[in-house]
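Here's a short tour for anyone meeting this structure for the first time. Have a look at the view below, then read on.

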Amino acid sequence: MSEPGPPPFTFEPRPFRPFWVVTAQLLLLVGGVAAGYGIGCTVIDGYGDGPASYIAGDEAGLATIGGGVAAVLGLLTWSLIVDQYPLQFGLWHALGTFGLASALGQLFAVVELDVEGRYVVAAIISGVVGAAALLVGGARVAARRKRFAHEVALIARGVPVDATVVDPGWEPDDFDEASNVITTSTFRYVGADGTSYVVRRRVTIPSRAPIEKGQHTTVWYDPDDPLNDKAIVVGIQHALRWNVPVPVPGRAARHG
């Protein structure tokens, strides 16, 4: 009597939670403005370019420390949730938000202490860096959405075949210190010509949905170019990469 195989791979996409997105952004905005203001006041005072009676005291120090703590909390929160939104956001968006907010805080210090020159230039540079980070983030998201659309189109017109996990790429103790494991998993499928093929995919495996040896999934390949590895979609990787349900042959893939 043969032993039963592993249970089917299941993956429930992590839900979109606007509260945490807004919270992370607010922490970055408030933290960036406060830190930029505090550092700006401290630097201006340090160089003696402020009003003769001005001394950067506890207010500037508290703004710097409090803003820094808020910004770190914002970045930490963002890093914990950003993987849930591969088609909407990226880490660059957080860095861009902080950069622009920091520039605004520096400008507040410039206006309050009535200085100009290099301090205005420094604020402008911070703003430009922040804006550039947002542009990079937008470009990376656009590239991911293009890749996702390509996979969805291939699933719609490609040839689906059953595939088996021959090497999940992780060991039982890999999840002892991490909730996700980034590895390379290997899948085997038989093409329409009867030939057995192996495809390897880089995947981020969550501990709540581990890939196991012997599990089955679906592979779609381009009927016009069946040997093109870039035109092959592995159902498990598609779901994990884009945080969407595992696609099923005959059903339309869900768009982000």
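## Two helices side by side

In this predicted model, helix H3 (residues 91-113) and helix H4 (residues 118-157) have axes that come within 7 Å and cross at roughly 165°. Angles over 145 degrees count as roughly antiparallel, so that's what H3 and H4 are to each other.

The crossing of H3 past H4 is left-handed. Sort the residues in this contact by class and you get 15 nonpolar, 10 polar and one charged.

Now for helix H2, which covers residues 58-81.

Several residues of H2 are buried, including Ala 60, Ala 63, Gly 67, Ala 70, Ala 71 and Gly 74. Thr 77, Trp 78 and Ile 81 are also on the buried list. An α-helix has 3.6 residues a turn, so residues three or four places apart point the same way. What do the buried residues of H2 pack against? Their partners are helix H1 (18-46) and H3.

## A threonine in a strand

Let's finish with a single residue. Thr 186 sits in strand S2 (residues 180-190). Is Thr 186 buried or exposed? Its relative accessible area is 8%, and under 20% counts as buried, so Thr 186 is buried.

Which residues does Thr 186 touch, leaving aside neighbours within four places in sequence? Thr 186 is in contact with Thr 164, Val 165, Val 166 and Asp 167, and also with Val 198, Val 199 and Arg 200.

Note on methods. Residues numbered from 1 in each chain as written. Predicted model: local features only at pLDDT ≥ 70, side-chain atom pairs only at ≥ 80, totals over all residues. Heavy atoms only, no water. Axes fitted to C-alpha atoms, helices over the stretch in contact; angles between N-to-C directions. Helix = DSSP H or I, 4+ residues; strand = E, 2+ residues; numbered from the N terminus. Parallel < 35°, antiparallel > 145°, perpendicular 65-115°, else oblique. Left-handed = near helix turned anticlockwise from the far one by under 90°. Nonpolar A, V, L, I, M, F, W, Y, C, P; charged D, E, K, R; others polar. Buried < 20%, exposed > 50% of the residue type's maximum accessible area, 1.4 Å probe, protein only. Contact = heavy atoms within 4.5 Å. Expected span 1.5 Å × (residues − 1).
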